[in-house]
Amino acid sequence: MFSEQTINQFQTSLRGKLIQPNDSEYDSARKVYNGMFDKRPAMIVRCSDVADVIAAVNFARTNNMLLAIKGGGHNAGGLGMCDNGLVIDLSVMKGVYVDIKKKTARVQAGCTLGDLDHATHVFGMALPTGIMSTTGISGLTLGGGLGHLTRKCGLTIDNLLEADVVLADGSYVKASAKENKDLFWALRGGGGNFGVITSFLFKLHPISTVYAGPMLWHIEDSKEVMYWYREFITKAPDDINGFFAFLIVPPAEPFPENLHLKKMCGVVWCYTGPLKKAEKIFEPIRKFKKPALDFVGPMPIPVLQSLFDPIMPSGMQWYWKADFLNELSDDAIEAHLQHGPKMPTWRSTMHLYPINGAASRVSKKDTAWNYRDATWAEVHAGIDPDPANKEAITRWAKEYWNAIHPFSAGGAYVNFMMEEGEERIKGTYGDNYSRLVQVKTKYDPHNLFRVNQNITPAEVHA
Ligand SMILES: Cc1cc2nc3c(=O)[nH]c(=O)nc-3n(C[C@H](O)[C@H](O)[C@H](O)COP(=O)(O)OP(=O)(O)OC[C@H]3O[C@@H](n4cnc5c(N)ncnc54)[C@H](O)[C@@H]3O)c2cc1C
């Protein structure tokens, strides 16, 4: 569709590589984490710096191309890739600059969570992010960022100090509490709607080794564990994070063979208080009911944050459904008990992530992330490497979600959503939605950035 001269000129304006369908790298470059998606863009620009990002944004805009942005490529709905358009691939922009004195990290947008942990842990510091090291820092941050440190340190966005952004018109701006405050507000939860973030500045925390890991109980004990867990986590100090899960024990070491492929329930803990107090803190937890498997102990934070990587390689089929929950009523637990244990494949799982600690003390109005008063973000993830099981994992996640949704708070965490449409996005942003539309209309009036959970600008609405 473009002349050779146009393509050559574009490539000459870049330091990074322009990858097209006839390139040998094309198939690997267009892959995203969720194997359900097989999109074929017209070109992928593997940006090496901010100038490349600006050139790619300008090229897409002037040629009226659909534009996607790939950070870590982990998005549930495959939103880091598109068909026929141009993809800005940030995966080689991986610089992390730690300021030890200020306890901050400037992080380029192609980093994964593992890249970040690697760079900060050596200085005894950490950023609250997610539970798998292969996830991209960009998409995770722009949607919020939930994980093992949420109750102690808040969401990832609660630790964002500034972001460098290439806007739809190709201009380059900083967003912070002092500059472009409206943009800074919107970036913290509003997804990739407003521009291409080329780097983030984060506040770090002096967290290095935690007392953490999974604790599992037999599936028959699920009711008792869920009743106990809802009381425990809603009253626990911020130092204790624990997400509840239904899961099937992986058929591999280090899990004992007698538990391989057994359906179980569990809590993955992360205690950030003084290590010498940890055993005492966990005494009542262990006493409540002796776990069938107890892998909880001192652990460097990068180990905890990559614990599940080996069982979740890239390219598998994933189907996600999600909600926020204010409470876990007896009836909701009944529905969980009916559907959770029916996991169709051993990697499929349901997680309840608590957000009732530090994250809940940030006002709803301070960032675009609306569900500050919810107690949990819930996700039902049907997962399997075999495309033949796509239907089974999708059906389980949908049926489970249908049963739980009546007990939910309304919207869902955007980073756990696939394509669910405008009404669901509005429900997720609630009272913050109209302000997001205003910011979108100001910074991206023609909706150049629309391969995302899209906030439609006002003009396009009309
Ligand atoms: C295995 C797995 C584990 C996960 N665990 C967690 C977890 O513990 N906690 C959690 O909060 N989430 C988690 N998630 C969800 C994750 O946060 C989202 O999938 C997120 O979108 C991933 O970001 P990414 O950069 O890898 O994605 P991508 O697919 O690259 O991009 C996702 C979206 O963000 C946009 N985007 C990406 N980079 C930029 C940028 N630099 N500028 C502007 N827009 C951009 C894209 O346009 C796209 O819409 C997990 C996902 C997976 C698959």
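View 1. The model is a predicted one, in which local features need pLDDT of at least 70 and side-chain atom pairs count only at pLDDT 80 or more, while totals for chains, interfaces and linings use all residues. Residues are numbered from 1 along each chain as its sequence is written, and side-chain values use heavy atoms, with hydrogens and water left out. Axes are lines fitted to C-alpha atoms over the stretch in contact, with angles from 0 to 180 degrees between N-to-C directions; helices (H or I, at least four residues) and strands (E, at least two) are DSSP runs numbered from the N terminus. The crossing of α8 past α11 is right-handed (the near helix is turned clockwise from the far one by less than a right angle). On the α8 side, S222, K223, M226, Y227 and R230 meet D330, I333, E334, H336 and L337 of α11, contact meaning heavy atoms within 4.5 Å. These residues divide into four nonpolar, two polar and four charged (Asp, Glu, Lys and Arg count as charged; Ala, Val, Leu, Ile, Met, Phe, Trp, Tyr, Cys and Pro as nonpolar; the others as polar).

**View 2. Helices α11 and α12 are roughly antiparallel to each other.** Here the axes of α11 (residues 330–339) and α12 (residues 390–404) come within 9 Å and cross at roughly 165 degrees, and α11 passes α12 in a right-handed crossing. A332, A335, H336 and H339 of α11 make the contact with W396, E399, Y400, A403 and I404 of α12, a set with six nonpolar, two polar and one charged residues.

View 3. An oxygen atom of the ligand is 3.3 Å from a polar backbone atom of I69.

**View 4. Backbone details in two loops.** In the loop between β11 (240–248) and β12 (263–271) is P254, which is joined to E253 by a cis peptide bond with omega about 10 degrees. K103, in the loop between β5 (96–99) and β6 (104–108), has phi near 55 degrees, a positive value in a residue other than glycine.

Key:
Angles under 35 degrees count as roughly parallel, over 145 as roughly antiparallel, 65 to 115 as roughly perpendicular and the rest as oblique. A polar contact is a pair of N or O atoms within 3.5 Å; within protein, one must be able to donate a hydrogen and the other to accept it, and residues adjacent in sequence count only if both atoms are side-chain atoms.
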